[in-house]
Amino acid sequence: VRGISPKQATGVTLAFVDSDHLENFVPTAMKEQGWPLFAGIDFGAWRFSFILATADRAKRLHVIDEYFSQQETLTVRAKAIAGILDKYDASPTTPIWGDSANPQDILEINQFFKKLGVRYRVRAVSKTSAENKPYRRACVERLQDLLGRRALLFSRDLGKGMAWYKGASVASQGRRVGGSRLLWEIRQWRYTEERDGKAQTQEPDDDTADGADAIAGLRYLVMSWWKGAKYDAPAEKVNRNRDTGLDELLERIAKQQ
């Protein structure tokens, strides 16, 4: 429905459908055709999420791997991320984007990458602060658009062998859960207009302390893949009746002086 928007948003659930968006991903074509890789990180002491995806030649995004960490040091996390990237023969220049609200975390994890002798580096995503709500909302809309066009696909092996704790907090270790953290979040996540500084909410029957960290990592990944069109100023018309070569020579001499 593309009519008049309501005055108050009622919440939007990401249009993820297992039968439409899960695939048996085989990395052969990715390596043969050199599909570029993109990654996103959401930092946090309790919940830390790393999402990796590749883009095929039809401009579809395939989420192929993830790493979800709870209460681990950045050294452990840096080693795990470097291992995942090496597994897919990632280029040292692979875009890995993190929240600009965590500059200290980005600096520290890059230092650990340097100590490990790997050339991967995390870059800060601009426009992710509270002052840029329209841009953040646009990224959620882009996720919806990609899901609607089946241009955002997820490997069925995502999170294979991974375990994490649901509802972990200071008071409780939480309940051990196996499988993909990202797929768990994307099935139950809702987006609402920001109130009290919160842009996402849990389902009413979910009383755990879990947030949408993996989806935040996916949003940063999409930001690194989705770039606005570059503006090129129209070329200046050259007056052929003027000796431009002499002007350029005099300009170079002036710069040298």
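A surface patch here comprises residues with over 30% relative accessible area and no salt bridge, nonpolar side chains being joined within 5 Å. In this predicted model, Leu246, Leu249, Leu250 and Ile253 make up a nonpolar patch of this kind, with about 340 Å² of accessible area together. Ile253 belongs to helix α8, which spans residues 244–256. The relative accessible area of Ile253 is 37%; because buried means under 20% and exposed over 50%, Ile253 is classed as partly exposed.

An open sheet is built from 7 strands in the order β2-β8-β5-β4-β3-β6-β7, with mixed pairing. Its edges are β2 (22–23) and β7 (122–125), each of which pairs on one side only. Strand β7 pairs with β6 (residues 96–99) in the parallel sense over 4 bridges, and Gly98 is placed opposite Ala124 in β7.

With β4 the arrangement is antiparallel, over 6 bridges, and Leu37 faces Thr54 across the pair; a hairpin of 5 residues connects β3 to β4. With β6 the pairing is parallel, over 3 bridges, and Gly40 stands opposite Trp97.

In β3, 6 of the 6 residues are buried, so the strand is largely enclosed by the rest of the structure. In a regular strand, side chains alternate between the two faces of the sheet. Leu37, Ala39 and Ile41 are buried on one side of β3, and Phe38, Gly40 and Asp42 on the other.

Helix α3 (residues 74–87) lies across β3, β4, β5 and β6, at about 155° to β5. Helix α6 (residues 181–188) lies across β2, β4, β5 and β8, at about 105° to β5.

Conventions
Residues numbered from 1 in each chain as written. Predicted model: local features only at pLDDT ≥ 70, side-chain atom pairs only at ≥ 80, totals over all residues. Heavy atoms only, no water. Patch = residues over 30% accessible without salt bridge, like charges linked within 9 Å, V, L, I, M, F, W, Y side chains within 5 Å. Areas by Shrake-Rupley, 256 points an atom, 1.4 Å probe, with all protein chains shown as cover. Salt bridge = Lys/Arg side-chain N within 4 Å of Asp/Glu carboxyl O. Helix = DSSP H or I, 4+ residues; strand = E, 2+ residues; numbered from the N terminus. Buried < 20%, exposed > 50% of the residue type's maximum accessible area, 1.4 Å probe, protein only. Pairing = 2+ DSSP bridges. Contact = heavy atoms within 4.5 Å. Axes fitted to C-alpha atoms, helices over the stretch in contact; angles between N-to-C directions.
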